[in-house]
Number of protein chains: 2
Amino acid sequence: MALPALPAVVVIRDVGPCDGLQPEAPVPVEERVRLIEALVAAGVHRIEVAAFVSPKAVPAMAGAAELLAQVPRSANVHYAALVPNRRGAELAMETEVDELTVTMSLSEGYNRRNVNRSIDESLAEVEQICAVAGSVPVDAVMSCAFGSPYEGDIAPKAVAAMEGRLRDLGCAAVTCADTTGMATPRRIEEVLHETGTDVGLHLHETRGTGLVNAFAAMQLGVDRFDTSVGGLGGSPFATGAAGNLATEELVALLDDLGVHTGIDLDRLLEAAAMVGELVDRPLPSRVAAAGPRSRLAGGA
Amino acid sequence: MALPALPAVVVIRDVGPCDGLQPEAPVPVEERVRLIEALVAAGVHRIEVAAFVSPKAVPAMAGAAELLAQVPRSANVHYAALVPNRRGAELAMETEVDELTVTMSLSEGYNRRNVNRSIDESLAEVEQICAVAGSVPVDAVMSCAFGSPYEGDIAPKAVAAMEGRLRDLGCAAVTCADTTGMATPRRIEEVLHETGTDVGLHLHETRGTGLVNAFAAMQLGVDRFDTSVGGLGGSPFATGAAGNLATEELVALLDDLGVHTGIDLDRLLEAAAMVGELVDRPLPSRVAAAGPRSRLAGGA
């Protein structure tokens, strides 16, 4: 009677400053830089910090180049920027960015509503982004990988086929996103059976399954996760969609399970508290609210 | 690459009408009976329905005998009532109750704050309750089984020793409760290693780990869970404590994993909606908010 072994090390990419804050009221660049500094100080060394999108369409992401010029730099800290198209990639490449992320959907219906393009048009865009990126790695995030609110379940073989196409177009990495919280351990097992475990997972708490899905995926060998400090984020195009898996909820779990992340939970909670101040409302993250399990009564 | 097998069948005891509503503003007996009817109609056949406690101390639980006289009866539906002491057990035994639950803590500090008794005094009470109960089974719920906000971690051997003492006193079943959300898959594995898997688990979402803990426990062979419709409940003596694991979040997971519970998720969500009306605020349950994963956009 024993649980399966987990990976010894898990790499966490915090998407809070970008994916997390994107649906929120705009936060000034300096405040976002402060948040990124807090994350780096906590040992979060992969962060999606900005999106090179139209500031008219997404005011919360304005100032991407300015932000990338101000974030703290060190050899082991990698900053990703989301780019929706070739133009965004060109703008991003004028900055010191370490990685580009691009999102496209496995759901034709979701892709149309999200970016007003067909999947094939999105793939053509990905190809151009990879060409512009040159030696900077591109991570393609496949949304609705575990189900779509428009078409229902997506065939695991279709997920794997799309992964192959994206790698053929030049993507260095592929991430499966559970955009609308439809993943379950069984769906994850079925998809990973086709894609293999060399994928990142981007999980949502829409139905409260983010952590259990991460746990199951780690049991199967996945060791890369996108999470969001404070649990912010969520798709505006999905009914009832809640936030991303909170970085501190995953780190608290991994700490207790003896899986190395390099992240200091107490300092991470300071960054989460900062997020709470930035958005000025209670965060979805329960660990941010309750504190770590080591925090005993009486302030001990 | 495969996840461990889970039990084929899991027994869920819904504690919503008792443990869930206890910290809330009082709900009239007739409304609680309506909720219990909705749960039974959804296929929830084990329900903690009432507590035989002082109505002065816990106004929300007033009318326990009256309630037990009105709940729908059928051969496969089992109603449990919480009893804090011999007097409560005597009152419960005057009704058609199928099971008594009694709570005592593995944490001396928590037990004192919760019931103003030492653990030994609580055990003496359990002995008397078992004597009064006769052939009606008593389930002893050990709170703080996976950690206490006062003493920190509780030694797994101490949990197993207490389980043995409770069975010796006449308890037919023992449940390990994660009263303040300190359980993790590793703590659960450590405790079950000592207690064996013939225990129920009563899990909380204080730190967002209820579902992942249930999943890990099932992988280890546990097949009995206390959950609360809508995710209500929580200890008033634990900082930042959130609700119980929501029945519908566990059922949604188990449905997808092919584990039989006998519960119809759609009808269960109707009961959860009723709970939301009774307490007149948004429920902690994300599945209650977002609906099942099968609920596609456009009402399909």
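## How the copies meet

Modeller: This is a predicted model. Start with the interface. Of the interface residues of chain B, 100% are also interface residues in chain A, so the copies meet through the same surface.

Biologist: How many residues of each chain are in contact?

Modeller: 43 residues of chain B are in contact with 43 residues of chain A. A contact here needs C-beta atoms within 7 Å. On the side of chain B that touches chain A, helix 8, helix 9, helix 10 and helix 12 of chain B each supply at least two residues. Helix 9 of chain B gives the most, with six residues. By class, that side has 22 nonpolar, 13 polar and eight charged residues.

Biologist: Now a single residue. Why is Val15(A) called buried?

Modeller: Count its neighbours. Val15(A) has 28 C-beta neighbours inside 10 Å. The cut-off for buried is 20 or more. Therefore Val15(A) counts as buried. Its place is in the loop between strand 1 and helix 1 of chain A.

Biologist: What is Val15(A) in contact with, leaving aside its neighbours within four places in sequence?

Modeller: Its contacts are Gly20(A), Glu48(A), Asp226(A), Ser228(A), Gly233(A) and Asn244(A). Also, Val15(A) and Leu232(A) are 217 residues apart along the chain, yet their C-alpha atoms are separated by 9.1 Å.

Biologist: On to the strands. What makes strand 4 of chain A largely enclosed?

Modeller: Seven of its seven residues are buried, so strand 4 of chain A is largely enclosed by the rest of the structure. Both faces are covered. Glu99(A), Thr101(A), Thr103(A) and Ser105(A) are buried on one side, and Leu100(A), Val102(A) and Met104(A) on the other.

Biologist: Which strands pair with strand 4 of chain A?

Modeller: Strand 3 of chain A pairs with strand 4 in the parallel sense over three bridges. Ala80(A) has Glu99(A) as its bridge partner there. Strand 5 of chain A also runs parallel to strand 4, joined by six bridges. Thr101(A) stands opposite Asp139(A) in strand 5.

Biologist: How do you know that strand 6 of chain A is largely enclosed?

Modeller: Four of its five residues are buried, so strand 6 of chain A is largely enclosed by the rest of the structure. Strand 6 pairs with strand 5 of chain A over four parallel bridges. Three bridges join strand 6 to strand 7 of chain A, and these run parallel.

Biologist: Last, helix 8 of chain A. Why do you say that its buried residues line one face?

Modeller: The buried residues are Pro185(A), Arg187(A), Ile188(A), Val191(A), Leu192(A) and Thr195(A). Seen down the helix axis, they fall within an arc of 155°, so they line one face of helix 8 of chain A. An α-helix has 3.6 residues a turn, so residues three or four places apart point the same way.

Biologist: What covers these buried residues of helix 8 of chain A?

Modeller: The cover includes helix 7, strand 6 and helix 9 of chain A, together with helix 9 and helix 10 of chain B.

Key
Residues are numbered from 1 along each chain as its sequence is written. Chains are lettered from A and ligands numbered from 1 in the order in which they are written. This is a predicted model: local features need pLDDT of at least 70, side-chain atom pairs count only at pLDDT 80 or more; totals for chains, interfaces and linings use all residues. A residue is buried if 20 or more other C-beta atoms lie within 10 Å of its own, exposed if 12 or fewer, and partly exposed in between; C-beta atoms are placed from the backbone. Two strands pair if DSSP finds at least two bridges between them. Two residues are in contact if their C-beta atoms, placed from the backbone, lie within 7 Å. Ala, Val, Leu, Ile, Met, Phe, Trp, Tyr, Cys and Pro count as nonpolar, Asp, Glu, Lys and Arg as charged, and the others, Gly among them, as polar. The arc is that of the directions from the helix axis to the C-beta atoms.
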